[in-house]
Each structure stands twice: as C-alpha cells, then as structure tokens.
Amino acid sequence: MNDKEALVRFGISMPQSLIEQFDAMLVSQGYDNRSEAVRDLVRRALLAPGHIQTEQMAAGTIVLVYDHHVSDLPMVLTDLQHQYHQEINSTLHIHLNQHQCLEVIVVRGIVSRLRDLQQRIQVLKGVGYAELSVTHVDETDPAGHGHHHHDHDHHHNELE
C-alpha cells in the first residue's frame, strides 16, 4: 500500500465462530491486527485469475511436475520455453525422484501470453501438473508497453 494513500474504515459482520477462527489464524501467521490480514486477503483475491485482464502486464510463476522419461518431453519443454524466452526470466529444475521433475518457471509478460504458455505445457503428455500463479500485476502499464526493459538502476558485482 502506498504511504500517501488514505485509509478508509468500514465494518465487517461475520459469525462469532468464523471471527474466532480468523483471529487464531492471525496469531499463527504473526499478524498484528485484523486490518492487515484483511488487506492481504483482498490483495490475494484481486490476483485470482478471473480478476486479471488478459492484456495486463504481470509477473509470477508456472510450477510444473512431469515425468522426464516420457518420449521427448524434456526436449519439447525446452523448445516451448525458447518460444517464450521474452516472458521467461528464470527456471529452477529439481529432480524429485527417478522419473519426476519439478520445474518453477519465473515469468513476466502479458497475462494472455503467460496463460498460453501454461496451457501449452499442461496438455503435454507426461505433465502431471502445471499451474500459473500471478504474484504481481503492473497497474501502471495495463497495455504492457515497454515491458522488456527496467526503469531502475541496479549494478552487478563483477569478479575482478
């Protein structure tokens, strides 16, 4: 939340048993108050797939689990990732057991392209799970203009 943004108070009514469960969750998750927890719940709800416009810029992850012994699946996945190289920032590959791999693909781009990549992965034979999770929506650039560069400075330490 922006520090300059005004807070608006409103009341919420709910059954006693539900508020007791909510308060117990707040304590277990380390919240100081109900307001911050409700704000987090609202933020999470607004990132749900049905609430994000398809032409909006977003960042998130595609998590997939697949059997790397299925025909040429690893090669197909690599080729597919090369087709979406502008949307893929990083990947993490983990061998779960003798047959299964877990991959986390960090993505940033137009939501429709990210969903397309996730769907193309999901339908491949040998992929047991593939889910797109959007964790950030760029509200300042809803049309996705200029999304292939940074506007901030950062430096990389180089070995001498």
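Q: Which element gives the most to the lining of the largest pocket?
A: Helix α2 does, with seven residues. This is a predicted model, in which local features need pLDDT of at least 70 and side-chain atom pairs count only at pLDDT 80 or more, while totals for chains, interfaces and linings use all residues. Residues are numbered from 1 along each chain as its sequence is written, and side-chain values use heavy atoms, with hydrogens and water left out. Helices (H or I, at least four residues) and strands (E, at least two) are DSSP runs numbered from the N terminus.

Q: How is a pocket defined, and what is the volume of the largest pocket?
A: On a 1 Å grid over the protein atoms alone, a pocket is an open set of points where a 1.4 Å probe fits, with protein on both sides within 12 Å along at least five of seven lines; lining residues have an atom within 4 Å of a point. A volume is the space filled by probe spheres set on the points, which are joined across faces, edges and corners. Here the largest pocket has about 1100 Å³.

Q: Which residues lie nearest the centre of the largest pocket?
A: Of the 27 lining residues, these are Phe 10, Ser 35, Val 38, Arg 39 and Val 42. At least two lining residues each come from α1 (16-29), α2 and β4 (127-137).

Q: What does α2 look like, and which residue caps its N-terminal end?
A: The expected span of a helix is 1.5 Å times one less than its number of residues. Helix α2 (residues 34-46) has 13 residues and reaches 18 Å from first to last C-alpha, close to the expected 18 Å. Asn 33 is the cap: one of its side-chain oxygens lies 3.1 Å from the backbone nitrogen of Ser 35.

Q: Is Gln 81 buried or exposed?
A: Buried means under 20% relative accessible area, exposed over 50%, and partly exposed in between (1.4 Å probe, protein chains only). Gln 81, in helix α3 (residues 73-83), has 15% relative accessibility and therefore counts as buried. With contact meaning heavy atoms within 4.5 Å, and neighbours within four places in sequence left aside, Gln 81 touches Ile 88, Thr 91, Glu 103 and Ile 105.

Q: Where does Ser 71 lie, and what is its phi?
A: Ser 71 is in the loop between β1 (57-67) and α3. Its phi is near 30 degrees, a positive value in a residue other than glycine. Ser 71 counts as exposed because its relative accessibility is 65%.

Notes. A polar contact is a pair of N or O atoms within 3.5 Å; within protein, one must be able to donate a hydrogen and the other to accept it, and residues adjacent in sequence count only if both atoms are side-chain atoms.
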